[in-house]
Amino acid sequence: MHSDGTLSIRVNGEHRRVAAGLSLAGLAQELGLEPTKVAVERNLEVVPRSQLAAVLLEDGDELEIVHFVGGGDHPAAGLAEDRWTVAGRSFTSRLIVGTGKYKDFAQNAAALEASGAEIVTVAVRRVNVSDRKAPMLTDYIDPKRFTYLPNTAGCFTADEAIRTLRLAREAGGWDLVKLEVLGEARTLYPDMVETLRATEILAKEGFLPMVYCVDDPIAAKRLENAGAVAIMPLGAPIGSGLGIQNRVTIRLIVEGAGVPVLVDAGVGQASDAAVAMELGCDGVLMNTAIAEAKDPLLMAAAMKAAVAAGRLSYRAGRMGQRRYADPSSPLAGLI
């Protein structure tokens, strides 16, 4: 102890002078810290939190005081959490994945985890009454953890789709749904007349339909006016893996929409997902691209990264395109 009644100590590598008789808890409070929310190491020995008030500082003590902080560096403003909202519900992941074509429910659940998706589309099918022990999707993918999005895959009339979604709402209470009414089986293109009729009826019944549609800006606006909470134009035929074939019209839909726009169908690889996001879409829905990959889990992770990268690229704003070269290095001062 010094003649002035103080002690010399080191706290987190810094020299300090403190009053004699000060406890570790008292030091924490002097530093503006809550003793119950820190951990203290004194001379290389951890002091139990319950004893911080009883242990007095001594001259020459070396202390490490730590607490929990968010992992990693502080993100730049442009990298801050970028959520999107549909029908008043907010999500972090902009990737929606399906539940078809996987070898089993276990693989489906593992791919969902790897994708980081929060929304998963589910088909509404008859219960297997002949085998009550048959596995069910809900045994592997918890509907309390993930947002189930019942869809009308396989429906070719508005009446079929409406009936299916009424049953889905009764089964799980879901009102946020994915509507698709197909025109014919070869191309699986949507029948827009029936799709529009189903959208109007479902919206009047309190459903919140996210609607699969053709890449037509006029049709998209009509769906929005009819009550669609999201517009989901196809990038290419369902399950084709051809990539985004219609960038111009999708961009026009994005520019004219007052609700989220998500590319639905056609994605085959990660770069396709990035392109969809760079067009300004709010998200991407896919199934076959992941389920039929040689390694579905690895592809799911790739799609997660691609959607995030495409979104950042869109927000950053791409450089202008030029007809001729423009050197990056200055020409002044050449040797």
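This is a predicted model: local features need pLDDT of at least 70, side-chain atom pairs count only at pLDDT 80 or more; totals for chains, interfaces and linings use all residues.
**Exercise 1: the whole protein**
Task: Find out how many helices and strands the protein has, and what share of its residues count as buried.

Solution: Begin with the secondary structure, which comes to 9 helices and 15 strands. Next, turn to burial: the protein has 335 residues, and 41% of them count as buried.

**Exercise 2: Asn108**
Task: Locate Asn108 and decide whether it is buried or exposed.

Solution: Second, check its relative accessible area, which is 1%. Buried means under 20%, so Asn108 is buried. Third, list its contacts. Leaving aside residues up to four places away in sequence, Asn108 touches Gly98, Thr99, Tyr102, Leu137 and Ile141.

**Exercise 3: helix H7**
Task: Work out which residues of helix H7 are buried and what covers them.

Solution: Start by walking along H7, residues 270-278: Asp272, Ala273, Ala274, Val275, Ala276 and Met277 are buried. Now look around them. The cover for these buried residues includes two helices, H6 (247-256) and H9 (296-316), along with strands S14 (262-264) and S15 (283-286). Lastly, step just past the end of H7, where Gly280 takes a positive phi of about 100 degrees.

Key:
Residues are numbered from 1 along each chain as its sequence is written. Side-chain values use heavy atoms; hydrogens and water are left out. Buried means under 20% relative accessible area, exposed over 50%, partly exposed in between (1.4 Å probe, protein chains only). Contact means heavy atoms within 4.5 Å. Helices (H or I, at least four residues) and strands (E, at least two) are DSSP runs, numbered from the N terminus.
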